[in-house]
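Here is a short report on one chain fold.

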Amino acid sequence: MARNVAQADASLKAGKWARTKYVGVSLVGKTLAILGFGKVGSEVARRAKGLGMHVIAHDPYASADRARAIGVDLVSMEEAMTTADFISLHMPLTPSTNKMLNDEAFAKMKKGVRIINVARGGVIDEDALVRALDAGIVAQAALDVFTKEPPAADSKLVLHENVTVTPHLGASTVEAQEGVAIEIAEAVTGALKGELAASAVNAPMVPAEVAFRACTLCHAR
Ligand SMILES: NC(=O)C1=CN([C@@H]2O[C@H](COP(=O)(O)OP(=O)(O)OC[C@H]3O[C@@H](n4cnc5c(N)ncnc54)[C@H](O)[C@@H]3O)[C@@H](O)[C@H]2O)C=CC1
Ligand SMILES: O=C(O)C(=O)COP(=O)(O)O
């Protein structure tokens with residue numbers, strides 16, 4: 001996005017040689033705000049540090065120690081919104097993150113901010129993003145996910161010249177798909193053997209009787 005690769009590629013293939021139209025921006029020295037400092041957000045932070053960016057993150061549940069170890073400052077949503085040159089979204093879609101980037105949030109951002117969303121489309125109010133792009137608040141957006149997938153063929157957001165889009169390809173590498181397949185197979189064989197499923201989202205991580213014993217002990221103190 002920062003170097004207009006997708007637009008320049010389409011332009012050259014259409015027979016144009018538009019060197020001045022596609023002058024980009026450098027990442028080095030720029031502030032990247034990561035919203036959602038979990039598994040993906042932390043990896044993005046590590047890589048962005050390697051590119052010479054100043055990385056801050058907003059995540060109400062992240063540990064400050066873990067952030068410090070990667071060289072990232074945990075900040076408030078307000079600070080993330082007002083100081084970032086780039087904002088990358090990595091939080092889950094929940095009632096509290098739904099349309100987290102809305103008109104009010106865009107109004108606080110630095111003019112010319114660039115937005116990356118590889119989380120879930122619903123964390124952005126897409127109509128508000130189109131307004132922010134048209135107003136020049138958001139210079140560019142790179143979107144892998146959409147509120148409705150696939151988005152409508154005439155989506156203003158998808159067709160916007162300052163928006164780069166991909167069809168939900170975040171996890172689509174040969175290696176990642178193989179990794180997921182192995183992880184699922186191991187979880188299934190583990191569950192069949194009666195082992196605790198480390199990645200279960202719908203079961204307590206500790207058997208109920210162990211949790212109950214721990215609870216009784218802690219109440220007995
Ligand atoms: N485009 C794609 O193909 C992919 C998209 N995803 C999306 O990326 C998201 C993140 O994935 P992981 O890093 O693996 O999840 P994760 O669970 O490790 O991290 C999510 C982080 O968001 C934080 N969070 C929750 N509410 C928040 C809020 N209101 N503000 C800021 N942070 C908040 C959590 O504390 C957590 O640290 C997933 O929920 C999924 O929707 C994940 C993989 C591939
Ligand atoms: O794991 C996720 O959250 C993803 O969005 C990846 O989606 P996929 O498994 O590629 O359909």
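Leu35 has Leu89 of β4 as its bridge partner. This is a predicted model: local features need pLDDT of at least 70, side-chain atom pairs count only at pLDDT 80 or more, and totals for chains, interfaces and linings use all residues. Residues are numbered from 1 along each chain as its sequence is written, chains are lettered from A and ligands numbered from 1 in the order written, and side-chain values use heavy atoms, with hydrogens and water left out.

Strands (E, at least two residues) and helices (H or I, at least four) are DSSP runs, numbered from the N terminus. Two strands pair if DSSP finds at least two bridges between them. Strand β1 (residues 31-35) runs parallel to β4, joined by four bridges. β4 also pairs with strand β5 (residues 113-117), again parallel and over four bridges.

| Residue | Bridge partner |
|---|---|
| Leu32 | Phe86 in β4 |
| Leu35 | Leu89 in β4 |
| Ile87 | Ile115 in β5 |

From β4 the chain passes through helix α5 (residues 103-108) to β5. This β-α-β crossover is right-handed: with the strands pointing away from the viewer, the path from the first strand over the helix to the second runs clockwise.

Buried means under 20% relative accessible area, exposed over 50%, and partly exposed in between (1.4 Å probe, protein chains only). In a regular strand the side chains alternate between the two faces of the sheet.

The open sheet has seven strands in the order β3-β2-β1-β4-β5-β6-β7, with parallel pairing. β3 (73-74) and β7 are the edges; each has a single partner strand, so one side of each lacks a neighbour in the sheet.

Leu169 sits in the loop between β7 (163-165) and α8. Leu169 is partly exposed, at 42% relative accessibility. Leu169 and Val118 are 51 residues apart in sequence, yet 8.6 Å apart C-alpha to C-alpha.

Helix α8 (residues 174-192) contains Val188. Val188 is partly exposed, with a relative accessible area of 43%.

The UniProt record, an unreviewed entry, annotates residues 20-174 as "domain: S-adenosyl-L-homocysteine hydrolase NAD binding". Such annotations may be inferred rather than shown by experiment. The span is 30% helix and 19% strand, and its end C-alpha atoms lie 36 Å apart.
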